[in-house]
Each structure stands twice: as C-alpha cells, then as structure tokens.
Amino acid sequence: MDTFSMTFGYLCFILALQVVRRRSMTMLPPLVLFAILPLLSLVFDFDGLSGRHETAFTAAFLGALVGHLGLLYLVNRSWAAQAASMHPNGFPTGVTGRERLKFLLAGVALFLVHRQYGRPEVSLYEQLDRSAFWLLLLLAGVSAVLAFFRHRRAIRSTIGGWLAIAVFWGCGAVIAAPAPEARAEELAVLLALSGKAADRHEQWDSSVEPAISEGYPALIALFTVAKRSEEVFLRQVRERVTELGGVPVKVRRIYPEKYNSSRQNLSNAISLLKRERPAVAALVSRGCLSGMGPASQAAAASPKVLGWLHERFLALQSRPEAWSWWTDEYLVCSVCGMPTMQLSTEPCRICGADFLDALRVR
C-alpha cells in the first residue's frame with residue numbers, strides 16, 4: 001500500500017465519482033484506463049525503477065499525467081455537450097461547485113488513508129507522485145472556490161461549504177507537516193527494542209540445551225517461556241518496522257562450541273534482566289510509539305514481562321531442589337507476550353487479549 005500512486009488514484013477516484021453521479025455506462029472504458037496505473041503501482045516496483053532510470057521515469061510519469069488530464073477534460077466536455085443538448089435553453093452544464101468540493105474532500109480523505117503507510121525515505125517516484133497529488137488537490141480547492149464565487153446565491157446558502165474548505169485545508173496543512181523525525185524516532189526505538197529482544201532470545205535459546213542435558217525441567221520450562229515472550233514481541237513489532245521503512249530484526253540461532261552450566265545460565269539470566277528492565281522501560285517511556293497497535297502493546301508490556309521473568313528466575317535460584325521436578329504450566333499471551341502461571345479463562349491482564357490467544361508451555 002505504501003507504493004500506491006496517490007496522483008493517478010485520485011484522478012481515477014474523481015472520474016469514478018462522476019460516472020456514478022451521471023450514471024453513464026458509456027464512460028466505463030475511460031474509467032478502466034484510469035484504473036490501470038493505480039493498480040500497476042501496487043504490483044511493480046516504481047521506487048526501484050525511478051532510481052535506475054530517473055530521466056525516462058520522470059518523462060513517462062509527466063506524460064501519463066498529461067494524458068490522464070487530457071482524457072478527463074475530454075470526458076467532461078462530452079458530458080457538458082450532452083447535458084447542453086438536453087437542456088431546454090441549450091445551457092451547458094459541467095462540473096458543479098458542489099462536485100468540486102466533494103473532489104477536494106475526497107483528496108484529503110485519500111491522503112489521510114495513504115499517510116499511515118508513508119516511509120521516512122522518499123524515492124524519486126514518491127516525490128513526483130506527492131508533488132503532482134498536492135498540485136491536483138490545490139487545483140480542486142481553487143476551482144471549488146471560484147465556482148462558489150461565480151454563483152453568489154450558492155455562496156450565501158452554503159456558508160458551511162466555505163467553513164468545510166477552510167477546516168480541511170487547515171487540517172491538511174497541519175497533517176501534511178508531520179515531522180519525519182517522529183517516525184524516525186519511533187523506528188529507532190522499535191529497532192533498539194527488537195535488537196535487545198533478539199539478544200535475549202539468543203541467550204534463552206542457548207540456555208535450554210544445558211538444562212536438558214542436566215535434567216532440570218523447571219529451568220527448561222522457564223527458559224522456553226522467556227523465548228516465547230521474545231518471539232511474540234519480535235513478531236508483533238516486525239510489521240510496524242516494515243511500515244516505517246526499516247528492516248525487521250530476525251531471531252538468531254547460535255550453537256556455541258561450549259555451553260555454560262545451568263547454574264551459570266541462571267545467574268547470567270538474572271543479571272541480564274536486572275540490566276535490561278530499566279533500559280527497556282526508558283525506551284518505552286519516550287512516548288514516540290504511535291497508536292494502540294500490536295507493536296505498541298507488545299512494547300508497553302516489555303518491562304512487565306522482564307520483571308515477571310526476573311522474579312521467577314530469582315525464585316528458582318533460591319530453590320535448587322525444585323529444578324529437577326516441575327508441575328507448573330505457563331501461558332504466554334500471543335498479543336503482548338506477557339507470561340502467567342495461572343491457567344484460567346480470564347483475558348490477559350496486560351492487553352485484554354482472549355485466553356484462547358495464549359500459548360501454553362508444558
């Protein structure tokens with residue numbers, strides 16, 4: 001969705017609105033032509049193509065834009081001539097001011113939907129597409145204002161239309177200037193949290209094998225729970241990192257030549273969690289994580305997850321006699337990664353996810 005062409009999608013949307021309003025089946029072929037480029041922008045890598053052939057791509061983009069505008073003009077001219085022939089006084093009727101206001105609002109709505117897929121790094125294709133889109137939106141706004149000026153009576157009866165234009169242009173100006181630093185900061189925080197989670201997962205994974213060899217099922221279970229929590233976090237953050245234009249951190253598997261003992265791994269885990277918890281809490285508290293999506297929920301739960309693991313590891317360290325037997329069962333929330341020892345049908349106490357979404361560790 002981040003490669004969708006706003007310019008040609010907007011032109012296709014304008015023509016579609018006119019086709020629906022006039023109920024003209026004869027104008028479906030132009031509408032099909034207008035839909036080709038928006039669909040191609042979702043399939044082909046226009047970003048890479050514009051980077052490899054800048055001059056040719058720019059010429060092709062501008063040529064396609066001129067062609068679409070010319071075809072749109074001819075279609076509206078044909079509609080106006082048809083309406084004039086049917087009017088008793090032969091008065092030509094084209095695109096009304098109310099229609100132009102709808103085009104303006106439709107463009108603002110398209111921008112708001114597409115904005116959430118924006119990326120910090122902008123290619124030549126995106127620069128051309130955004131520039132042309134804002135030019136078209138400006139023309140739609142100016143034409144709507146001029147149409148209302150030509151019909152003073154319509155202006156007096158539609159003051160709300162003027163207010164809508166002012167409000168939407170003001171909102172557009174505010175929304176169009178979101179600081180790219182905010183998205184870059186959110187991406188940096190998510191990558192930092194992902195890197196820490198991957199490092200911890202690496203340690204938990206390398207601690208399971210010694211526990212298996214030494215016959216400590218209680219340690220096996222808790223290290224496995226820690227692994228599952230990190231995997232949930234990395235999975236939830238992956239999509240948001242991709243939306244922001246970053247490269248998600250992958251889980252790494254290592255096979256050391258010499259493993260530490262389970263006692264040493266337990267001590268290392270406690271030390272690691274003691275260091276990681278305040279560092280993770282500091283990153284989460286920076287307030288740059290947007291919305292209530294899965295990534296934000298998993299990030300907000302991270303300090304609580306680390307605190308829970310720290311307490312459980314400390315409890316096991318104080319009871320070496322319990323390492324060789326284990327009757328507990330754990331649940332790990334598949335939304336936020338929060339573990340629990342209580343097998344119940346209650347929702348997750350951190351994110352509210354249903355108990356059926358929990359991962360069971362036996």
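How many bridges join strand E1 to E3? Four bridges join E1 (residues 330-333) to E3, and the two run antiparallel; one of these pairings links Tyr330 to Val361 in E3. The model is predicted, so local features need pLDDT of at least 70 and side-chain atom pairs pLDDT 80 or more, while totals for chains, interfaces and linings use all residues. Numbering starts from 1 along each chain as its sequence is written, and side-chain values use heavy atoms, without hydrogens and water.

The protein has 12 helices and three strands, taken as DSSP runs numbered from the N terminus (helices: H or I, at least four residues; strands: E, at least two). The three strands make an open, antiparallel sheet in the order E2-E1-E3, where pairing requires at least two DSSP bridges between strands. Because E2 (339-340) and E3 (358-361) are the edge strands with a single partner each, one side of each has no neighbour in the sheet. Helix H10 (residues 217-243) packs on this sheet and touches E1, E2 and E3, a contact being heavy atoms within 4.5 Å. The direction of H10 makes about 10 degrees with that of E1 (axes are lines fitted to C-alpha atoms, for helices over the stretch in contact, with angles from 0 to 180 degrees between N-to-C directions).

Helix H12 (residues 294-317) has a kink of about 40 degrees at Ser302, shortly before Pro303; the bend is the angle between axes fitted to the seven residues ending there and the seven starting there.

Across the protein, 41% of the 362 residues are buried, meaning under 20% relative accessible area with a 1.4 Å probe, protein chains only.

Methods. Buried < 20%, exposed > 50% of the residue type's maximum accessible area, 1.4 Å probe, protein only.
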